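Here is a colleague's note, in numbered points. Please keep the model open while you read.

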Amino acid sequence: MQYAIREFDFEAPISLTLPENCSGIAIDVRRGPRPVGFLMGPVAAGSTLTADQIQAWVKRDIETACLEQPVVSAQSGRSMPSTTIVICTKDHPDLLARCLTSISRLALPEGSEQPDVLVVDNASRTQETREVALSFPGVRYVLEKQIGLNFARNRALAEARGEILAFIDDDAVADVNWLNGLRQAWALEPAAGAFTGQTLPYALATEAQITVEKMGGFRKGFLPVVFREQHRSDPLYPCTTIFGNGCNMAFRVDVMRDLGGFDVALDMGAPLPGGGDLDALYSIVRSGHALVYEPQMLIRHEHRPDMEGLRRQIRRSWGTGCMAFLTKMRDTDPLMRNKARQFIYWWIRSMLRQLVDLRHEPADMPRPLLLQQFVGAIIGLTGTYGRCRRLADRIRNQASG
């Protein structure tokens, strides 16, 4: 099972032919440089989709508002703030090289400075990470010995030279227009505390990768959104909102420093591989700052290639990590306590209902994967966040001692 990934410009339509080894296609639909939709489905190997067929598919399955959205122009006379792009990495020199290559090819917005690029090595076992980072001109390298993604993110926050600190994961590549997307996001709300962007698949070469995209992937829609502390009619907002993904997020450095940085008890690797991005983005909105989601701030992420890796990710990151964040919110944010409790109750009840209704396949994901998420969520409810806080304190004490 393999799907070909292709781009299709709605304003300059072309035909697309599948390779003989592909049984389906995923189409990144553009209007010029702007992503406006994502299509995916089975197609016979070696067949050709004509431009007219693709345009008909686009008109049927992509919202008109996405296709017709106006291009936001950066404010004239105002320079975009300086930016530090950071890759936090551990023992992935090949992925790091691919990511840095994509960053080196970014189109620079008119009037903008070249971004500062920083690699934070989270205690890799060999010198390969350092060698790869320093092989790229202008790239800075620092070693963070305290193992845990949020320890690495806090080191990046301390080392940042730009006014905006942008994170791209090592298993992702930046679209050539990613910086222009960040500029578009900033132009929508220059005083925003954080910016997030679209995430599309880098490859759909395995059953696991295709499964992730059938479940919706990491996509967050194709219309820009400015989130504020009071934003939606949803009575549980902002507890119910996923503002973006950790593989593609940016923060105003001064705002994040004022908030105390990233919570090292979340996203700390093996003990708790998740929740840190949710917490950081939530803290921006809760502190009264706007958060902008801009689809043109686009990366392509390489999903887990094997089903076992996907099951582990869903159980530990999507289940335990997310629930650990929600329990932190419940226990440490008095004004959100009731909302967090209600959302936790709704989420557990919803998963249980889907698991026991054997007449219908769950709408969101296959039942075996939903079970993994449910098990992970229950683990997250059993004091995981508190245990990880104590572990993080021990790691910090060892480092300072």
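**Notes on the model**

1. Arg155 is found in helix 5. Helices (H or I, at least four residues) and strands (E, at least two) are DSSP runs, numbered from the N terminus. This is a predicted model: local features need pLDDT of at least 70, side-chain atom pairs count only at pLDDT 80 or more, and totals for chains, interfaces and linings use all residues. Residues are numbered from 1 along each chain as its sequence is written, and side-chain values use heavy atoms, with hydrogens and water left out.

2. Is Arg155 buried, partly exposed or exposed? Arg155 is partly exposed, with a relative accessible area of 24%. Buried means under 20% relative accessible area, exposed over 50%, and partly exposed in between (1.4 Å probe, protein chains only). Setting aside neighbours within four places in sequence, Arg155 is in contact with Val120, Val142, Leu143 and Glu144. Contact means heavy atoms within 4.5 Å. Val120 is 35 residues away from Arg155 along the chain, yet their C-alpha atoms are separated by 7.5 Å.

3. Helix 13 covers residues 384–400. Its 17 residues should span 24 Å at 1.5 Å a residue, and its end C-alpha atoms are 24 Å apart, so the two agree. The expected span is 1.5 Å times one less than the number of residues. The buried residues of helix 13 are Thr384, Tyr385, Cys388, Ala392 and Ile395. They cover an arc of only 85° around the axis, which puts them on the same side of helix 13. That arc is taken from the directions from the helix axis to the C-beta atoms. On the other side of helix 13, Asn397, Gln398 and Ser400 are exposed. The buried residues of helix 13 pack against helix 5 (149–159), helix 10 (307–332) and helix 12 (367–380).

4. Helix 7 (residues 207–214) is mostly covered, with six of its eight residues buried. These are Ala208, Gln209, Ile210, Thr211, Val212 and Glu213. What covers them includes strand 1 (3–9), strand 4 (34–42), strand 11 (194–201), helix 10 and helix 12. Just after helix 7, Gly216 takes a positive phi of about 110°.

5. Some backbone spots deserve a look. Asp91 is not a glycine, but has a positive phi of about 60°. Asp91 lies in the loop between strand 6 (83–89) and helix 3. Ala123, also not a glycine, has a positive phi of about 65°. Ala123 sits in the loop between strand 7 (116–121) and helix 4 (128–134). The peptide bond from Tyr237 to Pro238 is cis, with omega near 5°. Pro238 is in the loop between strand 12 (225–227) and strand 13 (248–252).

6. On a 1 Å grid over the protein atoms alone, a cavity is a set of points where a 1.4 Å probe fits but cannot get out; a pocket is an open set with protein on both sides within 12 Å along at least five of seven lines; lining residues have an atom within 4 Å of a point. Grid points are joined across faces, edges and corners, and a volume is the space filled by probe spheres set on the points.

7. The second largest pocket holds about 210 Å³ of space. Of its 13 lining residues, Ile103, Ser104, Gln114, Val117 and Pro137 are the closest to its centre. Helix 3 (residues 93–104) gives the most to this lining, with three residues. By class, the lining has ten nonpolar, three polar and no charged residues. Ala, Val, Leu, Ile, Met, Phe, Trp, Tyr, Cys and Pro count as nonpolar, Asp, Glu, Lys and Arg as charged, and the others, Gly among them, as polar.

8. How many cavities of 30 Å³ or more are there? The count comes to two. The largest cavity has about 50 Å³ of space. Residues lining the largest cavity include Met80, Pro109, Glu113 and Leu179. The second largest cavity has about 40 Å³. Among the residues lining the second largest cavity are Ile87, Arg153, Phe167 and Asp169. Its lining divides into five nonpolar, one polar and two charged residues.
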